[in-house]
Amino acid sequence: MTSEVQSLRSVDLHIHTQFSDGKHSLEEAYRAAQIKGLKYVAVTDHYSEFASLPKRMSKSDLGGYLESLGRVPAFKGLEVEIMEDGSVSMSTKTGNDFDVIVGGLHAVHGIRFSRDLTPILDAKGFVDDVRVALIKAMESRCLDVLAHVTWLPPSLRSRVRDVVDAEWIASVIEAASDFGVAIELNGRWRVPNDDWVKRCVHHGVQLSLGSDAHTLQEIGNTGHGVRLLTDLQVPKDLIYLPHNMTL
Ligand SMILES: [Zn+2]
Ligand SMILES: [Zn+2]
């Protein structure tokens, strides 16, 4: 392994624990990350401040979460819910207590992306509403990283290249550039693809590495992103780390 690959493999900025829907405690997650040689680790449990959602922390959970995060030298993070109207379910004040805020959209038209098999008749209309929500969320200036950008419900996944067209991609990357949001290379869903990385580099948009781990085994599974970053020789200053750190 070259030293460049090694340094990329030491980053995982998207990890869940039992504070939301992860299978393990925060301490176990951190220990696993250490054993795997990770140096830049962010714990980013799901959070929704304004809407009460299943498997999401609410405001009253934040005290205990921050206290636990204070016991490990990991970046303090949240994966905040992007609602389907594009609003971000978190106040700016809450964001100030964290090192990294990842925004995740998980449902549109009431269809959950994780496992909802409801047929989507108007695929183009659906993905356009996804695009509008993602852009509006970035406009809030609450987000550091946009998670799993082209992740879609199961019935649309095989059609990503068809329904997510060049214009769609260009408008999302333009918003990321305007509002200083990094685009995540998500290890769990292996999105987005090489085309995104090339366009992000062209527009000077940073890329973030995250496994989106929910189990100890998945921590550090950032291979999809590491491969793209190495193959495309992405400069180090375009790899996102909290507080403008560089690898
Ligand atoms: Zn997510
Ligand atoms: Zn996640």
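Reader: In which sense do strand 1 and strand 2 pair, parallel or antiparallel?

Author: In this predicted model, strand 1 covers residues 11–15 and is joined to strand 2 over three bridges. Within this pairing, D12 stands opposite V41 of strand 2. The sense in which the two strands pair is parallel.

Reader: How many bridges join strand 2 to strand 3?

Author: Strand 3 spans residues 75–82 and runs parallel to strand 2, with H46 standing opposite E79 of strand 3. Strand 2 and strand 3 also belong, together with helix 3 at residues 62–69, to a β-α-β unit that is right-handed. The number of bridges joining strand 2 to strand 3 is six.

Reader: Is strand 2 largely enclosed by the rest of the structure or largely open, and how many of its residues are buried?

Author: A residue counts as buried if 20 or more other C-beta atoms lie within 10 Å of its own. Strand 2 has eight residues, 40–47, and is largely enclosed by the rest of the structure, because the number of them that are buried is seven.

Reader: What radius of gyration does the protein have, and what would a compact globule have?

Author: The C-alpha atoms fill a box of roughly 45 × 45 × 30 Å along the principal axes, and 45% of the 247 residues count as buried. For a compact globule of 247 residues the radius of gyration would be near 18 Å, and the value for the protein, which agrees, is 17 Å.

Methods. Residues numbered from 1 in each chain as written. Chains lettered and ligands numbered in written order. Predicted model: local features only at pLDDT ≥ 70, side-chain atom pairs only at ≥ 80, totals over all residues. Rg over C-alpha atoms; globule rule 2.2 N^0.38 Å. Buried ≥ 20, exposed ≤ 12 C-beta atoms within 10 Å, placed from the backbone. Helix = DSSP H or I, 4+ residues; strand = E, 2+ residues; numbered from the N terminus. Pairing = 2+ DSSP bridges. Right-handed = clockwise from strand over helix to strand, strands pointing away.
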